[in-house]
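I opened the notebook to log what I looked up in this model. The entries follow in the order I made them.

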Amino acid sequence: MAKTVCVVGAGPSGLVAAKSLLHDVPEGTFHVTIFDSKTRIGGLWPFENSDDKGYLHPQMVTNQSKHTVQFSDLAWEDADPEFPSAWQVGRYLNRYYDRYCKAASLQLGKLVVGVEQSQDGTSGWIVQVVSQDGEKTDHKFDYLLVASGYFGNPGISTEAVEKAEVPMIHSSQYRDLPTLFSKNPGAKGGKILVVGGQMSGVEVAGTIATHLSTAVNWPGRTPHSTGIPPIEDADKYSVHHLIQKPAWVFPLYTSPKPALTAPPFVPLDLSSYNLANRPQPLVNSQGHISTGTARTLHGVFQNILGTDQSIFSPEVTISDTEKNDPPYIAVSDHYLEFVRSGLITVSRGRFEYLKGRDARISSSEADRITDVAAVILATGFQALLSIAWMPPAVLKAISASDNPSNAVALAFHGTHHPEFPTLGFVGFYRSPYWGVMEMQARFITALWAAGGPSSPNLSPAMAAALKEDTSIERTTSLRTDPRASQFPMGDYPWLMQDFASALELTRIPHLGKMPALPPADKPMDILTPARYPSKNVTTQGREEVIKSLQQTEATAWAAIANGRFMARAVFRSLAGRWRLERDLISKLPSHPSGHFSGTADFLLREATRDGREAEYDSRQRAGQHQGYEYLYIEDGEFRASNGFSFQASRRYIWRYDDRNEKLSVWFVKVDKPKVADYLFHKVQFEVSQDSDAASGGKGSGIGRERGLCARADHLCEQDFYDVTYAFNFEAVNIKEWTSAYQVKGPKKDYSISNVFKR
């Protein structure tokens, strides 16, 4: 007779748990019921691009690529972007449910409010549920699986919010500037204070700065693609980011060859989880971080970024002394450039309270931040509120704590507790990886199918894993360890290895040859969930595994050998202000030669519709974000060879098309200098053919000494413009770049050479 299982939560962890219980053991072993308080599946992940009521903005992109944000036996659609938006993740989960979880009893709009152990001599559970209309019911189950999520309740004081005289919200609630100031329409500028320096703090600070930059540089008062009009006096606002320690801030794409001036770029996780660069078998790199390990990790991160971040601001610099401490990391494409530009000001200290428009802080430099217009608290989540319905005896046994990184102490990497053999957990730890959630689900399924942690029917591998496990002791010791890592559960590849060993799963090889990369000069060995398919994977599931592996391998080859993502890397790194020196050499006496000296600003904003109406409307219908573009403004003085000088200014629109990996430059309208008029040229990047990367050797299809090269041309009536570019990278950032124009026509014959430096 099938054992009954209650799964609390229909997000990624709940769905993968249900799938494993239904498909990784003989049919009929378990009967699964899923409860979720929401009226849809997906948990934090919205299903529609218009669903902005949850904790994730539907257009927020993931900070790991689709090759990591996936389960082993469901590939993403080929047309899905490398970094999906939150609503696209929701759609993926809906497909996953349709494929694997339909046999479960899905109870949406049902909130679990209490749990009791059965008093009839069994080890089952009585689950108390309240429907949206207030009806209370009790349900009995043999097993209880907690998948209610670690990020269910924002860590914010309701009392502080109610007393605040300016808007105060949690970072998960931020959507846009007009909504932020909707209850304070009279606001006329000031500092938007972001409190918290880890992942969410950096991300939301970068997002707000992007919204401010868009509002300032938007053409007119027309709404953005989201339908939200710009706020008044946007130029009078800035972001003030209060942190306790700086984090290494990574862009979404990094290079596995950072020493090259024209490096290839790949999604950051494809480099991070390249197992060829780690000794085998893997050793856990997280948890307690010694000084030596800390300095090694800091060195790795600095090598990837090519800087200690001092080029952006002293406040985000990782000093030599700080390299003795465990490192923190964050992900944002534009945060650091906004810091360099001054739109984001960073200071170090601890937020105490808000009084009027003054924020009181504890800091060695100042005791307050004045002229605060709003406060965004990136202060994490209160994980315990997600399991407050559990019995006190259970909470005591699992050492429930308000520690933000280690809320519960569970056996074998957060899966169960020996005192309650019919209770399991999936995804209940800080920053859970999808592959680890899937492994946790498989482990619990195998554990229960065998009869529990003390059953003689356990496989030898699982019995040995449980005997050697020290997860509970390790978790409790890390709570008071001042040298605990940012994500103390354990590093992703090691966790996958440890679960695979206990479950006797083999990591399958790549389908074909992979490009070789430094420092080991070995073929890439990229860890993805698809490398660990279930023993019971179906024919259909195996097809998905193969498709997923093909997608990952195609991305790696396209990036390393063919220069994919070069346009994106250049576009991201152009942001901000450059010093510009230009020489103009004319061969016609009617057009004097001369020199221009000034500045060039690349001002980020959401992409506009002008000149790209068909693409814009297509994206709008599909619910896709329009992407970004720059309003380019150069100002300076031109001194002609005849001694005449004058102030000169020029404007363009620089656009990046993420669908086709193309960079383009557009003229602006004369009477509307923020509005794109027509195409000037498309930038075509060159890929060197003098390497052996295509055959799997050590070379790369790019990497020239003079930088990343590109060409473009434009016929303007009878005048032909021949354009060349060279972008000289230092790891992920452009150090300097040049462009040159050869212009010939009936009345034109001149050349221009431009040099851009920070």
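**Salt bridges**

I started with the salt bridges of this predicted model. The count comes to 37 salt bridges. The rule asks for a side-chain nitrogen of Lys or Arg within 4 Å of a carboxyl oxygen of Asp or Glu.

I looked up lysine 19. Lysine 19 forms a salt bridge with aspartate 24. The closest N and O atoms are 3.7 Å apart. Buried or exposed? I checked lysine 19 and aspartate 24, and both are buried.

Next I took glutamate 77. Its salt-bridge partner is lysine 547, with the closest N and O atoms 3.8 Å apart. This pair links distant parts of the chain, 470 residues apart. I found glutamate 77 in the loop between strand 2 (30–36) and helix 2 (86–100). Lysine 547 belongs to helix 15 (residues 539–562). I then looked at accessibility. Glutamate 77 has a relative accessible area of 36%, so I noted it as partly exposed. Lysine 547 has 23% relative accessibility and therefore also counts as partly exposed, because the buried class ends under 20%.

Then I went to aspartate 719 and lysine 748. Their side chains meet in a salt bridge at 3.5 Å, N to O. Aspartate 719 has a relative accessible area of 13%, so it is buried. Lysine 748 has a relative accessible area of 27%, so it is partly exposed.

Which residues are linked in a network of salt bridges? I listed Arg612, Glu615, Arg619, Asp657 and Asp658.

I went through the pairings one by one. Strand 4 pairs with strand 5 (residues 125–131) over seven bridges, in the antiparallel sense. I picked out two partners across this pairing. Valine 112 stands opposite valine 129 in strand 5. Leucine 111 has valine 130 of strand 5 as its bridge partner.

Strand 5 and strand 6 also run antiparallel, joined by six bridges. Here tryptophan 125 has phenylalanine 141 in strand 6 as its bridge partner. The hairpin of strand 5 and strand 6 has four residues between the strands. In this hairpin I found glycine 134 with a positive phi near 90°.

How much of strand 5 is buried? I noted five of its seven residues as buried, so strand 5 is largely enclosed by the rest of the structure.

I moved on to another hairpin. Strand 16 (residues 350–355) pairs with strand 17 (residues 358–362) in the antiparallel sense, over five bridges. Arginine 350 has serine 362 in strand 17 as its bridge partner. The hairpin of strand 16 and strand 17 has two residues between the strands. Glycine 356 takes a positive phi near 65° in this hairpin.

I followed strand 17 onward. Strand 17 and strand 18 (residues 368–369) pair over two bridges, again in the antiparallel sense. Arginine 360 stands opposite arginine 368 in strand 18.

**Alanine 520**

Where is alanine 520? I found alanine 520 in the loop between strand 22 (516–517) and strand 23 (522–523). With 32% relative accessibility, it counts as partly exposed.

What does alanine 520 touch, not counting residues up to four places away in sequence? I noted Ala276 and Asn277. I also looked up its separation from asparagine 562, which is 42 residues apart from alanine 520 along the chain. The C-alpha atoms of alanine 520 and asparagine 562 are separated by 21 Å.

Notes: Residues numbered from 1 in each chain as written. Predicted model: local features only at pLDDT ≥ 70, side-chain atom pairs only at ≥ 80, totals over all residues. Heavy atoms only, no water. Pairing = 2+ DSSP bridges. Buried < 20%, exposed > 50% of the residue type's maximum accessible area, 1.4 Å probe, protein only. Contact = heavy atoms within 4.5 Å.
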